[in-house]
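Please look over the structure below. A short report on its contacts and folds follows.

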Amino acid sequence: MRRACFCAAAVALFLISACADRRDEAADGKTSGAQAGESQYNVTLWPEIETPDLTNAETEARIDALLASMTLEQKVGQIIQADSSSVTPEEVRQYRLGSVLSGGNSAPGGKAYATADEWLAMADAFYDASVDPEGVETAIPILLGIDAVHGHNNVIGGTVFPHNIGLGAARDPDLVRRIAEATAKELRVTGHDWTFAPTVAVPQDDRWGRTYEGFSEDPDIVASYAGVIVEGLQGELDSEAFMGPDKVVSTAKHYLGDGGTEGGRDQGDAQASEADLARIHGAGYPPAIRAGALSVMASFSSWKGEALHAHRYLLTDVLKDRMGFDGFVVGDWNGHAKVEGCTNEDCPAAVNAGLDMFMAPDSWKGLYENTLNEARAGEISEARLDDAVRRILRAKLRFGVFEQGRPSGRPLSGDETVLGAPEHKALAREAVRKSLVLLKNNEGVLPLRRDLKVLVAGDGADDISKQSGGWTLTWQGGGLDKALFPNGESVFDGLKAAVESGGGQIALSENGAYDEKPDVAIVVFGEDSYAEFQGDLDNVAFNDPSGEALAIMRKLKADGVPVISVFLSGRPLWVNPELNASDAFVAAWLPGTAGGGVADVLFRDSDGAVNYDFTGRLSYSWPKNAAQTPLNKGDEGYDPLFALGYGLTYEDDGSLPALSEDSGLDESDKGTPGVYFAGGEFAPSIKLMTGADVSSLSEDGGAVSVRRVDHQAQEDAIELSFPESGGAAALASGEAIDLSRETVGQLELSFAFRAEMFGEGAMDIGVLCGEGCAGMIDLGDVLREGEGAGWRRMRVTLACFADAGADMSRLSAPFAIETHGAARIAIADVHLVQDANGVKDCGLVEAN
């Protein structure tokens with residue numbers, strides 16, 4: 001950050017020395033892009049920021065003393081962060097690590113989520129290890145970090161607020177400040193010091209799987225939120241509230257351009273000009289820095305082919321020198337391995353470029369050893385290492401970690417009444433109300449009276465997990481039992497309370513069936529949960545493989561029942577058929593655990609007056625067809641269905657004429673990543689191939705008999721009959737499929753099956769990866785157990801196939817089956833899913 005003037009000569013000397021150190025590094029050949037080629041970059045495109053005082057004389061003098069007392073081994077340990085699932089308290093003590101994080105599927109006891117007391121016990125154990133004085137002159141307490149990105153979303157009972165896309169629609173900086181304050185308090189209950197938030201990405205292509213983590217496509221909206229969230233989490237800088245007992249360290253992320261990658265690919269490459277990189281993607285960082293953000297997270301992505309984790313120009317020349325950021329730069333999950341010439345366990349280039357702390361969740365030990373050797377050899381200079389450690393210590397001192405003591409002894413620690421506190425639930429409900437955007441309201445069907453006979457349908461109606469989206473208890477979110485949200489309320493729960501309070505009747509029927517015709521139907525549907533790259537799309541069509549939601553709407557409309565649609569999604573999607581089948585349509589985004597906020601706006605109050613009007617406005621442009629992406633205000637030929645800022649109120653004429661149902665896609669574009677066979681349809685690039693074995697597959701293999709059978713709809717499954725000699729079948733792809741990221745991300749292959757007849761031979765399930773390359777697992781015994789038991793579901797963690805020999809980066813068939821004897825099995829609904837239980841399962845069978 002730009003430093004304030006200090007009278008202390010020592011501090012002035014330190015600043016001069018720091019500048020000299022950077023010049024020395026340049027002289028050693030570790031030059032930035034600006035130094036290496038002045039014409040390549042233009043640092044004047046970036047703002048010079050009048051930044052707050054993080055570097056006061058007292059703090060810097062204390063850091064000087066700490067640095068003088070630390071061993072080289074301690075300094076290297078401080079710049080490495082390990083994941084709680086891959087490190088023990090004893091290892092934290094031994095290696096003097098600077099931080100521990102808990103990733104999206106990492107919680108105490110090897111679980112994906114935990115209770116408050118389990119989290120607090122873990123925090124104590126790591127803290128105690130870090131401050132053990134044995135063998136060191138000064139022990140440095142750790143920072144315990146976590147992704148609390150829409151509330152404290154990995155603790156049972158926490159308040160889960162709407163994802164950022166919904167908060168962007170609310171256009172309410174004071175609201176997001178209060179949400180940040182509540183989140184910080186709930187984090188303190190479990191002993192956490194640090195959250196990796198706020199996300200200040202400016203998504204420009206809604207195919208990106210992290211679109212919902214961005215407040216808006218509009219950089220001005222993002223900028224209006226960035227600073228107030230930092231203040232909500234940390235307290236206002238230079239006030240008594242700053243880093244008080246109910247505050248945590250914040251992280252502005254992901255620096256830089258993660259929302260502008262080509263094709264909206266997560267961890268991809270941004271090709272934006274430097275002017276657009278600064279104006280659009282950099283918009284959130286100046287207000288976050290002004291507010292005193294203590295950390296910034298480097299992006300997985302690249303800019304014009306150069307990985308951000310080692311982009312010296314952007315990390316050092318722009319962020320630290322030009323914009324004056326004096327906190328520390330932390331990496332993302334093994335993101336340093338994306339740097340050319342680096343691996344998970346070795347990347348001096350990242351430190352030399354300006355990365356201050358590696359996030360090395362499972363690679364930390366090898367990285368520690370290599371970094372220590374490089375520091376000893378001078379490949380990482382003493383000056384650069386000391387600067388990185390200084391920045392980390394500065395954040396720790398400003399947070400007060402030395403004075404706070406054990407996590408369990410701090411204010412709010414263990415106070416479970418703070419989790420889901422009434423005021424936090426009320427705030428979440430307010431946020432839901434303000435985030436809803438009304439897109440259609442033909443003939444003023446909304447708001448509804450409370451004395452009606454209401455039917456509620458759709459798979460999202462009574463599913464708190466689905467309505468909350470990714471980063472909710474687990475990394476990918478979704479698929480979790482309602483009981484895991486003791487302070488939550490589903491959309492149906494809220495609707496039920498509203499209707500019954502007004503003397504009406506309400507029924508829940510997920511498939512829309514009813515015995516007595518209702519006055520109105522509310523259909524709650526939308527995207528299944530996802531996070532990061534698992535949410536990347538090839539187009540912006542809403543994909544519902546079963547087609548059930550649309551079928552429900554059309555059936556109800558045909559019956560003369562008015563249909564109110566509540567759409568759960570992490571981005572705007574092409575839903576013209578669903579819009580046409582609805583009398584009213586509400587974009588509810590991912591509202592979190594306060595589902596009652598939906599009912600507050602849909603229903604009148606008990607006196608018949610408007611209870612709450614719609615105030616949300618689109619913070620992203622809504623596509624006119626499924627191929628219309630990127631789509632951002634200001635683009636040449638900008639022609640959305642609903643423009644940025646659109647949103648009806650009850651005073652508006654909400655009529656919407658019938659829309660074209662031509663998606664604008666070719667047949668080859670209509671697939672959904674990770675879905676290979678669903679609703680009886682193969683993905684565009686997939687063909688069924690059979691043969692005597694997996695090395696002799698063809699479209700007409702002959703040895704295996706194939707016929708269509710019914711699973712959940714007519715002929716939506718295939719039955720495979722294998723002869724006495726055995727045979728093979730595969731869903732083969734015409735182009736190589738790279739599932740390496742999904743494998744690292746613990747995703748699973750899921751398929752429905754009906755075991756009809758098996759002989760004694762083995763039956764292998766797996767994947768193929770070209771000639772002589774396969775990963776097959778014998779699951780014959782598991783499948784035989786269900787013979788004659790009807791439809792069931794099998795899940796296999798992708799890593800099991802990698803362990804069996806598959807190259808997951810070049811699959812030629814994402815699903816294959818091979819028998820060594822006679823067998824008959826029906827298969828349906830083959831797709832990738834998140835690992836719901838956080839455990840590697842090489843053949844888990846469950847009810848379908």
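D172, D174, R178, E430 and K434 are joined by salt bridges into one network. A salt bridge here is a side-chain nitrogen of Lys or Arg within 4 Å of a carboxyl oxygen of Asp or Glu. The whole structure holds 55 of them.

This is a predicted model: local features need pLDDT of at least 70, side-chain atom pairs count only at pLDDT 80 or more, and totals for chains, interfaces and linings use all residues. Residues are numbered from 1 along each chain as its sequence is written, and side-chain values use heavy atoms, with hydrogens and water left out.

| Salt bridge | Closest N and O atoms |
|---|---|
| K111 and E118 | 2.8 Å |
| D387 and R384 | 2.8 Å |
| R793 and D829 | 2.7 Å |

How exposed are these residues? Burial is judged by relative accessible area: under 20% is buried, over 50% is exposed, and anything in between is partly exposed (1.4 Å probe, protein chains only). K111 is partly exposed at 33%. E118 is partly exposed too, at 29%.

The D387 and R384 pair sits within one helix. Helices (H or I, at least four residues) and strands (E, at least two) are DSSP runs, numbered from the N terminus. D387 and R384 are three residues apart in helix 15 (residues 382-399), so about one helical turn separates them. An α-helix has 3.6 residues a turn, so residues three or four places apart point the same way. D387 is buried, with 19% relative accessibility. R384 is buried as well, at 3%.

The salt bridge between R793 and D829 has its closest N and O atoms 2.7 Å apart. R793 belongs to strand 27 (residues 791-797) and D829 to strand 29 (residues 823-833), so this pair ties together parts that are 36 residues apart in sequence. R793 is buried at 11%. D829 is partly exposed at 22%.

Which side chain of opposite charge is nearest to D83? It is K253, 13 Å away. For this count, Lys and Arg are positive and Asp and Glu negative; His and the chain ends are not counted. D83 is buried yet has no salt bridge. D83 lies in strand 1 (residues 80-83).

D83 does have a polar partner. Its side chain makes a polar contact of 2.5 Å with the side chain of S85. A polar contact is a pair of N or O atoms within 3.5 Å; within protein, one must be able to donate a hydrogen and the other to accept it, and residues adjacent in sequence count only if both atoms are side-chain atoms. Contact in general means heavy atoms within 4.5 Å. Neighbours within four places in sequence aside, D83 is in contact with V100, L101, S102, G103, S106, W333 and P361.

**Aromatic pairs**

The structure has 23 aromatic pairs. Y95 and Y368 make one of them, edge-to-face, with 5.0 Å centre to centre and 85° between the planes. Y95 is in helix 5 (residues 89-95) and Y368 in helix 14 (residues 364-377), so the pair ties together parts 273 residues apart in sequence.

Rings of Phe, Tyr and Trp (its six-membered ring) pair if their centres lie within 6.5 Å; planes under 30 degrees apart count as stacked, over 60 as edge-to-face and the rest as tilted. Ring pairs also link F525, F542, F567, F585, W589, W622, F642 and Y646 into a cluster.

**A sheet, a helix and a loop**

Three strands form an open sheet in the order 6-8-9, with mixed pairing. Strand 6 (269-270) and strand 9 (306-307) are the edges, each with a single partner strand, so one side of each has no neighbour in the sheet. Two strands pair if DSSP finds at least two bridges between them. Strand 8 (residues 302-303) and strand 9 run antiparallel, joined by two bridges. W303 stands opposite E306 in strand 9.

Helix 12 (residues 312-322) has 10 of its 11 residues buried, so the rest of the structure largely encloses this helix. G324 follows helix 12 and has a positive phi, near 70°.

Q712 lies in the loop between strand 21 (705-709) and strand 22 (717-722). Q712 is exposed, at 66% relative accessible area.
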